[in-house]
Amino acid sequence: MSRRGTTAAQQFYGRWAQLYDLLAVATPGLSELRSRVADELHLSPGDTVIEMGCGTGANFPHLRERVGPAGRVVGVDFTRGMLEQARDRIDREGWENVHVVQADAATFSSREDVDAVLATFVIGMLGDPHGTVIRWLDGIRPGGHLALLDAGRSSRTYSWPVNLAFKGLVLASTPGDISAFEKPPWYVLDERIAESRRALSAGAVDVQDSEHALGVVRITGGRVAESR
């Protein structure tokens, strides 16, 4: 993403952080999907997990539950408003082992051993999804896991009403002027999701794909090989 695009996204998501947080926790079925993608990380008590593009921290309860008080959860996001909501959640819950970092998830690199990386609804923001996913895999210890949760147009039969509604959601949640896109933003989103899946398949083993919510939501997870 260009610097101009990054600034637009920061302003957009910062302005709507409170509403985003409400939708992130109140949308029917979304909590179950967050739990499902957290399961794909195969976390154990004491593990360290990084969430790239953590937003307001809606996934933190699922991650904290799996790593326990001896583990460590690190949320990375580039939007100050989102992180303020995330810090409020951490303070309310009294989680001493959950932390947030303001940084670009596409370039962030941890200085500690990482057992797993999670990214939910982030791939569409990445200018180079293939390279970013490979970079995330390189930062995970051998045997660790990467899991992605994203939404795109459904390919199922008679899915046009679902896709029509999805296009409206994409338009409403796309920062900046959509005329800057060479293609409609839902095409760009689908392409980036496909690129991320190809990267995960190329750089990991035991890759699993599943579709949910009438084919709109995709969960993809894989394990870093013991020797690469």
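1. Glu195 has a relative accessible area of 28% and is therefore partly exposed, a class that lies between buried (under 20% relative accessible area) and exposed (over 50%), as computed with a 1.4 Å probe and protein chains only. Glu195 forms a salt bridge with Arg198, and the closest N and O atoms of the pair are 2.4 Å apart; a salt bridge here is a side-chain nitrogen of Lys or Arg within 4 Å of a carboxyl oxygen of Asp or Glu. Because the two residues are 3 residues apart in helix H8, Glu195 and Arg198 are separated by about one helical turn. Arg198, at 48% relative accessibility, also counts as partly exposed.

2. This is a predicted model, in which local features need pLDDT of at least 70 and side-chain atom pairs count only at pLDDT 80 or more, whereas totals for chains, interfaces and linings use all residues. Residues are numbered from 1 along each chain as its sequence is written, and side-chain values use heavy atoms, with hydrogens and water left out.

3. The protein chain contains 8 helices and 7 strands, where helices (H or I, at least four residues) and strands (E, at least two) are DSSP runs numbered from the N terminus. Of its 228 residues, 49% are buried. The chain exposes about 11600 Å², of which carbon and sulfur atoms supply 51%; accessible areas come from the Shrake-Rupley method with a 1.4 Å probe, and for residues only the protein chains shown count as cover. Among contacts (heavy atoms within 4.5 Å) with a separation of 6 or more, 71% are between residues 24 or more positions apart.

4. The largest nonpolar core has 28 residues, and those with the most contacts inside it are Ile50, Met52, Val117, Val133, Trp136, Leu146 and Leu148. A core in this sense is a set of buried Ala, Val, Leu, Ile, Met, Phe, Trp, Tyr and Cys residues joined through side-chain atoms within 4.5 Å. The elements that give two or more residues to this core are strands E1 (48-52), E2 (72-77), E4 (116-120) and E5 (145-151), together with helices H6 (129-138) and H8 (185-203), and H8 gives the most, with 4 residues. Leaving aside residues up to four places away in sequence, Val133 touches Ile123, Leu146, Leu148, Ser196, Ala199 and Leu200. A second, separate core of 24 residues includes Leu33, Val73, Ala116 and Val217.

5. Met52 has Val76 of E2 as its bridge partner, while Asp77 stands opposite Gln102 in E3. The chain crosses from E2 through helix H5 (residues 80-93) to E3 in a right-handed β-α-β crossover, and E1, helix H4 (residues 60-67) and E2 make a right-handed β-α-β unit. Right-handed means that, with the strands pointing away from the viewer, the path from the first strand over the helix to the second runs clockwise. Because 5 of the 6 residues of E2 are buried, this strand is largely enclosed by the rest of the structure.

6. Helix H4 is also largely enclosed by the rest of the structure, because 6 of its 8 residues are buried. The buried residues of H4 are Phe60, His62, Leu63, Arg64, Arg66 and Val67, and what covers them includes helix H3 (30-39), E1, E2, H5, E3 and E4. After H4 comes Gly68, whose phi is positive, near 70 degrees.

7. A search of the whole structure finds 10 salt bridges. The side chains of Glu112 and Arg72 meet in one of them, at 2.9 Å from N to O; Glu112 lies in the loop between E3 and E4 and Arg72 in strand E2, so the pair ties together parts that are 40 residues apart in sequence. Glu112 is partly exposed at 31% relative accessibility, as is Arg72 at 30%. Asp209 and Arg197 also meet through their side chains in a salt bridge (3.9 Å, N to O), linking strand E6 (residues 205-212), which holds Asp209, to Arg197 in helix H8, 12 residues apart. Asp209 counts as partly exposed, at 44% relative accessibility. Finally, Asp39, Glu65 and Arg66 are linked in a network of salt bridges.

How values were computed: Pairing = 2+ DSSP bridges.
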